[in-house]
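Subject: Structure handover

Hello,

Here is the structure we talked about. My notes on the core and the ligand site follow below.

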Amino acid sequence: MADGNLPRAEVVVDLGAVRHNVSLLVARAGASGAATMAVVKADGYGHGAVPVARAAVEAGAAWLGVCSLGEALALRDAGIDVPVLSWLDTIDTDFAPGVAAGIDLSVSSSRELGAIVEGARAAGARARVHLKIDTGLSRNGCPPNEWAELVAAAAGAPEVELVGVWSHLACADEPGHPSVDLQARRFREACAAAGTPVRHLANSAATLDRPDLHFDLVRVGIAMYGLNPLPYAQDLRPAMTFRSSVALTKRIAAGESVSYGQTWTADRDTNLALVPVGYADGVPRLLSGRMDVLLAGRRRPVVGRVCMDQLVVDCGDDRVPVGEEVVLFGDGTRGEPTATEWANTIGTIDYEIVTGMYRPRIVRTYRDAR
Ligand SMILES: *Cc1c(COP(=O)(O)O)cnc(C)c1O
């Protein structure tokens, strides 16, 4: 339907879908006695951290997880007071405001612990920390040979309260991968050496595929946004729709070409629709000639190269009105492409597609049907 009020580029986030997904994940975790942390780093994977965090908490998430203290404090500023874990702050971060705001902090080394102790002294409060063990991802986390020392340092620091022990899996999205069990074994050993505060290991994939690895808390990211990290189906609803509208239409003659490089030439007279979004708005240029949009009730091909600010759709003999809605991706229920389809076409993961949709030129709106 033509809609005179469509922004040039809009991301619509369905908070009902987020609640549906979180409820499902909370139920899975709850069945093994675990609580759920909703991961809202990177502005909620491009969906907007604060609205998505609120929806997740409403749906039963007891914790929130972010990458940095800045992201954590933004949640507090929005009035969200559930436990929040920040897991990748640099050593020169001023931790005092985080301690004062009751943010849980991750620690991978004695040096990091020292920086947090300083922050706790400055804040005049105890810092809540989660010690992270590297069980095989070789990213952050404390190597096993330094673990005993780190645990002892944390236990000996009156400025910190040891809240959790945690780690992160490398291959949980490949069910049966032998590294998952190896990482789980190393994790259990690390937990045994640290006492038993809140233990957490599972991401979305392990939450759905490995109930035996839920421990006390699961950390779900991609699945709460409705994207399935596993190779088999799940009852998840993609929360993000990316849409625009037709800016201009024209008819071109057979033999005329479209867009930079003239990579596509019409083999018949045809109607074209111009859509005012491009790679500056999150449409990968690699999708040139390899994507469809949903326009006037049908999937139609994008022809020629995707440009910085625009792309062109071949409508054949159909005449579509200027202002008509163009769905670039959505949950797929109307036949439109999905973020997962885009990712598969260009050889990446849907995480990258949706996270890349946080752009200053894109209006973000929320649908919240109850
Ligand atoms: C991003 C992240 C998660 C969430 O992972 P998903 O695959 O999106 O569920 C969990 N834990 C850590 C440490 C992360 O960085």
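A nonpolar core here is a set of buried Ala, Val, Leu, Ile, Met, Phe, Trp, Tyr and Cys residues joined through side-chain atoms within 4.5 Å, where buried means under 20% relative accessible area (1.4 Å probe, protein chains only). The model is predicted: local features need pLDDT of at least 70, side-chain atom pairs count only at pLDDT 80 or more, and totals for chains, interfaces and linings use all residues. Residues are numbered from 1 along each chain as its sequence is written, and side-chain values use heavy atoms, without hydrogens or water.

The core. The largest nonpolar core has 112 residues, and the members touching the most others are Val 40, Trp 147, Met 224, Phe 242 and Met 291. At least three of its residues come from each of domain 1 (15–225) and domain 2 (239–367); these bounds come from an automatic or database domain assignment. Beyond its neighbours within four places in sequence, Val 40 is in contact (heavy atoms within 4.5 Å) with residues including Leu 64, Leu 75, Met 224 and Tyr 225. A second, separate core has seven residues, among them Ile 252 and Val 303.

The ligand. The side chain of Ser 204 places an N or O atom 2.5 Å from a ligand oxygen. For Arg 219, a side-chain N or O atom is 2.9 Å from a ligand nitrogen. Ile 222 uses its backbone, with an N or O atom 2.8 Å from a ligand oxygen.

Regards

How values were computed: Buried < 20%, exposed > 50% of the residue type's maximum accessible area, 1.4 Å probe, protein only. Polar contact = N/O pair within 3.5 Å; in protein donor to acceptor, adjacent residues only side chain to side chain.
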